[in-house]
Amino acid sequence: MIDDVRAAADAAVARLAEVAVLAEAQALETELLGKKGPFAEFKTRLGGLATVDEKKAVGQAVNEATQRVAAAVQARVAELKRAERAVQLEAERIDLTEVLSRPSRGHAHIVTQAWQRLEDVFVGLGFQVAEGPEVETDWYNFEALNMPPDHPARSMHDTFYVDHGTPGSTVLRTHTSPVQIRVMQRVAPPIYMIMPGRVFRNETTDATHLAVFHQIEGLVIDRGITLADLAGTIESFTKAFFGEGFSSRLRPSYFPFTEPSAEFDIRTPKGDWLELGGCGMVPPTVLRAGGLDPEEWSGFAFGFGIDRMAKERHAVGDVREMYTNDIRFVEQF
Ligand code: DAH
């Protein structure tokens, strides 16, 4: 009988090892160790044994077998509980890595940043913003600005011609000045306007020149406007844009579409002079081209390069660098 008891215990442990689900292990516990289980049955048979020694020996074997099976049940139940919990945890896991892997945000290009800041500063000084077409007629780009066909100043504007209409009549605008004419034709004075935009020159690019670049034009038309208003506006802009430590000066120069004409320079707090752009009083011919009466209205204009400004501000060595779209460059600003 002792062999039977041990064999029953071996069989019970083997069955437990095969159970893969917690509920089955718990059912097996009742089946093996309950009142109708094999070991309970062995106990009821103890009374039928012949000698006290036999009863003692078999009884001990039954107790040992019961304890062994009980321990095996406990171990198996604990193991299956752990496994089921692990499955549940995996299923209920919340993935927070989405937040960490959010793509980094980009930012505006340095020329766009300069453009936007220029608009902000001029709007702060009371100007409005206008834009004109990049494909222009020869008339707006040159003639209306006092540059008739054989004017020598045209040689300064290496022009891209567009194959449209009469040969030579359509150009990619070489500056933003033609927008002055369009604004005068469209807007009744007083006019306080800036006109930023893209311009084109048919020239070889180098560290300080691009074939496609950006300018900002300014135009003021009102009654009794003088050169003092021009100088004062340039000075106010200089302080508002660059800072209180900066100042400006006008240097006599020549442009066909202003009279008198000047170039304006910015003085840095260290005392260095930075050439920025051109300006001057709008002459009667240009006012008339814009449909205005020079007896009633007077005004000034100015214009300068936005790319150059960004280049100086960020100490970029080569303007071409700004348009390679090399992320290592772009990320710095
Ligand atoms: N249009 C000129 C250029 O591209 C710049 C300029 C000079 C604009 C004088 C003006 C001005 O409005 O008054 O070089």
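**Figure 1. The whole chain, seen from a distance.** Buried residues make up 41% of the 333 residues in the protein chain. Keep in mind that this is a predicted model. Count the pieces and you get twelve helices and nine strands. The C-alpha atoms fill a box of roughly 140 × 50 × 40 Å along the principal axes. How does the radius of gyration compare with that of a compact globule of 333 residues? The globule would come out near 20 Å, but the protein chain has 46 Å. Look at the split into domains too: domain 1 takes residues 2-92 and domain 2 takes residues 110-330. The centres of domain 1 and domain 2, taken over C-alpha atoms, sit 96 Å apart. Now for contacts between residues at least 6 apart in sequence: 64% of them join residues at least 24 apart.

**Figure 2. Helix 3 and what covers it.** Here we zoom in on helix 3, residues 38-46, whose buried residues are Phe-39, Phe-42 and Leu-46. Why do they end up on the same side of helix 3? They cover an arc of only 55 degrees around the axis, so they share one side of helix 3.

**Figure 3. Two hairpins in a row.** Start with strand 6 (residues 247-255) and strand 7 (residues 258-267), which run antiparallel and are joined by eight bridges. Strand 6 and strand 7 form a hairpin with two residues between them. To follow the pairing, find Ser-247, which stands opposite Arg-267 in strand 7, and then Arg-249, which stands opposite Asp-265 in strand 7. Next, move on to strand 8 (residues 273-281), which pairs with strand 7 in the antiparallel sense over seven bridges. Here Ser-261 stands opposite Gly-280 in strand 8. How many residues lie between strand 7 and strand 8 in their hairpin? There are five, and Gly-271 in this turn has a positive phi of about 105 degrees.

**Figure 4. The largest nonpolar core.** This core has 37 residues, and those that touch the most other members are Leu-118, Phe-122, Phe-237, Phe-264, Phe-302, Phe-304 and Met-322. Several elements give two or more residues to this core, including helix 6 (110-124), strand 4 (191-200), strand 5 (212-222) and helix 9 (227-242). Helix 6 supplies the largest share, with seven residues. Take a closer look at Phe-122: leaving aside its neighbours within four places in sequence, Phe-122 is in contact with Phe-127, Ile-194, Ile-216, Phe-237, Phe-302 and Phe-304. There's also a second, separate core of 24 residues, which includes Ala-153, Met-193, Met-195 and Ile-221. In soluble globular proteins, nonpolar side chains tend to be buried together.

**Figure 5. Helix 8 and its buried glutamine.** In helix 8 (residues 178-186), the buried residues are Pro-178, Val-179, Gln-180, Ile-181, Val-183 and Met-184. Covering them are elements that include strand 2 (135-137), helix 7 (138-141), strand 4, strand 5, helix 10 (284-289) and strand 9. Let's pick out Gln-180: is it buried or exposed? Gln-180 is buried because its relative accessible area is 0%, and buried means under 20%. Apart from neighbours within four places in sequence, Gln-180 is in contact with Met-195, Glu-217, Leu-219 and Ala-301.

**Figure 6. Helix 11 and the residue that follows.** The buried residues of helix 11 are Ile-306, Asp-307, Met-309, Ala-310 and Lys-311. Which elements do these buried residues pack against? The list is helix 6, strand 4, strand 5, helix 9, strand 8 and strand 9. Just after helix 11 comes Ala-315, with a positive phi of about 50 degrees.

Note on methods:
Residues are numbered from 1 along each chain as its sequence is written. This is a predicted model: local features need pLDDT of at least 70, side-chain atom pairs count only at pLDDT 80 or more; totals for chains, interfaces and linings use all residues. Side-chain values use heavy atoms; hydrogens and water are left out. Two strands pair if DSSP finds at least two bridges between them. Helices (H or I, at least four residues) and strands (E, at least two) are DSSP runs, numbered from the N terminus. A nonpolar core is a set of buried Ala, Val, Leu, Ile, Met, Phe, Trp, Tyr and Cys residues joined through side-chain atoms within 4.5 Å. Buried means under 20% relative accessible area, exposed over 50%, partly exposed in between (1.4 Å probe, protein chains only). Contact means heavy atoms within 4.5 Å. The arc is that of the directions from the helix axis to the C-beta atoms. Domain bounds come from an automatic or database domain assignment. The radius of gyration is taken over C-alpha atoms; the globule rule is 2.2 Å times the number of residues to the power 0.38.
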